[in-house]
Amino acid sequence: MSQLIISEVFGPTIQGEGALVGKPTVFVRSGGCDYRCSWCDTLYAVEKKYKDDWSTLSTEDVWAQIQALSPTPILVTLSGGNPALQDFAKLIDIGHAAGYTFAMETQGSISKPWFTQVDYLTLSPKPPSSGMETKWEAFEKCVSLAASPEAISVKLVVADDADFKWAYEVQQRYP
């Protein structure tokens, strides 16, 4: 039985950003992250010390929470922290069998074989203002695992002029 570290499961709500903006979704926010961005807006999902009620749940327990929130198939967004730190393959399999679709949001620092199962992959490399350095080789591996080119979107945070210049370069690299 696989175990998942979960910061929170909530919804249904409306996706508020990225290529899926406006879509009803249930969020599964994982606990833990390999980055420490200077302006992180979800520190409670990055380090347990900011929210001491993370749960270690079986895949089946997470699935039960999703179904309780939306018994009708809906988009499920895996977020974090960094959901790539965990293995969501079984959850995606169970959800797909029931008609749900899955999106994942990650910075692209870690790739996992189960990324091929995700219907929508949002990659959000971090700009200079984050204090983190994007490892483009790891990012490329994430791109290569997307179900299709249409399944990928790149989301960029821009906080200042240096970030804007960086974002333009990223857009040129990933049109």
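Predicted model: local features only at pLDDT ≥ 70, side-chain atom pairs only at ≥ 80, totals over all residues.
Local features need pLDDT of at least 70, side-chain atom pairs count only at pLDDT 80 or more, and totals for chains, interfaces and linings use all residues. Residues are numbered from 1 along each chain as its sequence is written, and side-chain values use heavy atoms, with hydrogens and water left out.

## Helix H5

Helices (H or I, at least four residues) and strands (E, at least two) are DSSP runs, numbered from the N terminus. Helix H5 covers residues 161-173 and has 13 residues. The expected span of a helix is 1.5 Å times one less than its number of residues.

Which residues of H5 are buried? They are Asp163, Trp166, Ala167 and Val170. They cover an arc of only 105 degrees around the axis, which puts them on the same side of H5. The arc is that of the directions from the helix axis to the C-beta atoms. Buried means under 20% relative accessible area, exposed over 50%, and partly exposed in between (1.4 Å probe, protein chains only). An α-helix has 3.6 residues a turn, so residues three or four places apart point the same way.

The face turned away from the buried side of H5 carries exposed residues: Asp161, Phe164, Lys165 and Tyr168. The cover over the buried residues of H5 includes helix H4 (136-145) and strand S7 (152-154). At the start of H5, a side-chain oxygen of Asp160 comes to within 3.2 Å of the backbone nitrogen of Ala162.

## Helix H4

H4 also has buried residues: Ala138, Phe139, Cys142 and Leu145. They cover an arc of only 120 degrees around the axis, which puts them on the same side of H4. The face of H4 turned away from its buried side carries the exposed residues Glu137 and Ser144. The buried residues of H4 pack against strand S6 (120-123) and S7.

## Nonpolar core

A nonpolar core is a set of buried Ala, Val, Leu, Ile, Met, Phe, Trp, Tyr and Cys residues joined through side-chain atoms within 4.5 Å. The largest one has 33 residues. Those with the most contacts inside this core are Val28, Ile66, Leu78, Phe88 and Trp114.

What does Phe88 contact, leaving aside its neighbours within four places in sequence? The partners are Leu4, Ile6, Val28, Ser30, Leu78, Pro83 and Trp114. Contact means heavy atoms within 4.5 Å.

## Salt bridges

Side chains of opposite charge can pair when their charged atoms come close. A salt bridge is a side-chain nitrogen of Lys or Arg within 4 Å of a carboxyl oxygen of Asp or Glu. The count by this rule is six.

| Pair | N to O distance |
|---|---|
| Arg29 and Glu8 | 3.0 Å |
| Glu17 and Lys155 | 2.3 Å |
| Lys90 and Glu60 | 2.6 Å |

Arg29 forms a salt bridge with Glu8. Arg29 lies in strand S2 (residues 24-30) and Glu8 in strand S1 (residues 3-14), so the pair ties together parts that are 21 residues apart in sequence. Arg29 counts as buried at 10% relative accessibility, while Glu8 is partly exposed at 22%.

Glu17 and Lys155 meet through their side chains. Glu17 is in the loop between S1 and S2 and Lys155 in the loop between S7 and H5, so this pair ties together parts that are 138 residues apart in sequence. Glu17 is partly exposed, at 41%.

Lys90 pairs with Glu60. Lys90 lies in helix H3 (residues 89-97) and Glu60 in helix H2 (residues 59-69), so this pair ties together parts that are 30 residues apart in sequence. Lys90 is partly exposed at 35%, and Glu60 is partly exposed at 33%.

Arg36, Glu47 and Lys49 are linked in a network of salt bridges.

Is Leu20 buried or exposed? At 9% relative accessibility, Leu20 counts as buried. Leu20 sits in the loop between S1 and S2. Leaving aside neighbours within four places in sequence, Leu20 contacts Gln15, Leu75, Ala103 and Tyr120.

Ile152 lies in strand S7. Ile152 is partly exposed, at 24% relative accessibility. The C-alpha atoms of Ile152 and Tyr120 are separated by 6.1 Å, and the two residues are 32 residues apart along the chain. Beyond neighbours within four places in sequence, Ile152 is in contact with Leu121, Leu123, Val143 and Ala146.

Definitions and conventions. Polar contact = N/O pair within 3.5 Å; in protein donor to acceptor, adjacent residues only side chain to side chain.
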